[in-house]
Amino acid sequence: MKTKGAIEAQISDAIVKFEVEYMGRGPKETRVHIIEDMVVVRLKGVLTPAEEQLTKSIDGKELVKKMRATLIDKARPLLYQVVGDITGTKILDLHTDISTENGERLFVFSLDNNLQKSLTRNKDS
């Protein structure tokens, strides 16, 4: 059985790979936390130089948010598959947002069971 830290590291690697391959560049920093029936992924430094220029105007900020939301919606099945395979759970939903102020993105995956509790129970066995 994998440890909580090992699963978090695998998810981090997979999300960085996704960002590089699907979005065109990886984040400067990634943190992953399993919290009960959620996986929270925090990415820092995800905006491309072009997006950073766009975020200097209100219209540009809205454009970057819309574009990123559309890309994630199209990639949703892939993200469900990758995170589901790593955690061994079914992904119920994905919530995400990006800050055009500081270039930070959050992903929150809702799982079909309390993964943190399962990992703790297996560790004690």
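**Chatting through a predicted model**

Colleague: Hi! Which residues does valine 41 touch, leaving out those up to four places away in sequence?

Modeller: Hello! This is a predicted model, and in it valine 41 touches Ile11, Ile15, Thr30, Arg31, Val32, Arg105, Leu106, Phe107 and Phe109.

Colleague: And which members of the largest nonpolar core touch the most other members?

Modeller: Val41 is one of them, along with Ile11, Ile15, Val39, Leu79, Phe107 and Phe109. That core has 26 residues. Elements giving two or more residues to the core include α1 (4–23), β2 (38–44) and β4 (104–111).

Colleague: Which element gives the most?

Modeller: That's α3, with 6 residues.

Colleague: Let's look at α1. Which of its residues are buried?

Modeller: Ile7, Glu8, Ile11, Ser12, Ile15, Phe18, Glu19 and Met23. Seen down the helix axis, the buried residues of α1 fall within an arc of 140 degrees, so they line one face.

Colleague: Nice! What does the face turned away from that buried side carry?

Modeller: The exposed residues Asp13 and Glu21.

Colleague: And what follows α1?

Modeller: Glycine 24, and its phi is positive, near 100 degrees.

Colleague: New topic: where does threonine 89 lie?

Modeller: In the loop between α3 and β3.

Colleague: Is threonine 89 buried or exposed?

Modeller: Buried, because its relative accessibility is 11%, and the cut-off for buried is under 20%.

Colleague: What joins the side chains of threonine 89 and threonine 87?

Modeller: A polar contact of 2.7 Å. Not counting residues up to four places away in sequence, threonine 89 also touches Gly84, Leu111, Asp112, Asn113 and Leu115.

Methods:
Residues numbered from 1 in each chain as written. Predicted model: local features only at pLDDT ≥ 70, side-chain atom pairs only at ≥ 80, totals over all residues. Heavy atoms only, no water. Core = buried A, V, L, I, M, F, W, Y, C linked by side-chain atoms within 4.5 Å. Buried < 20%, exposed > 50% of the residue type's maximum accessible area, 1.4 Å probe, protein only. Helix = DSSP H or I, 4+ residues; strand = E, 2+ residues; numbered from the N terminus. Contact = heavy atoms within 4.5 Å. Polar contact = N/O pair within 3.5 Å; in protein donor to acceptor, adjacent residues only side chain to side chain. Arc of directions from axis to C-beta.
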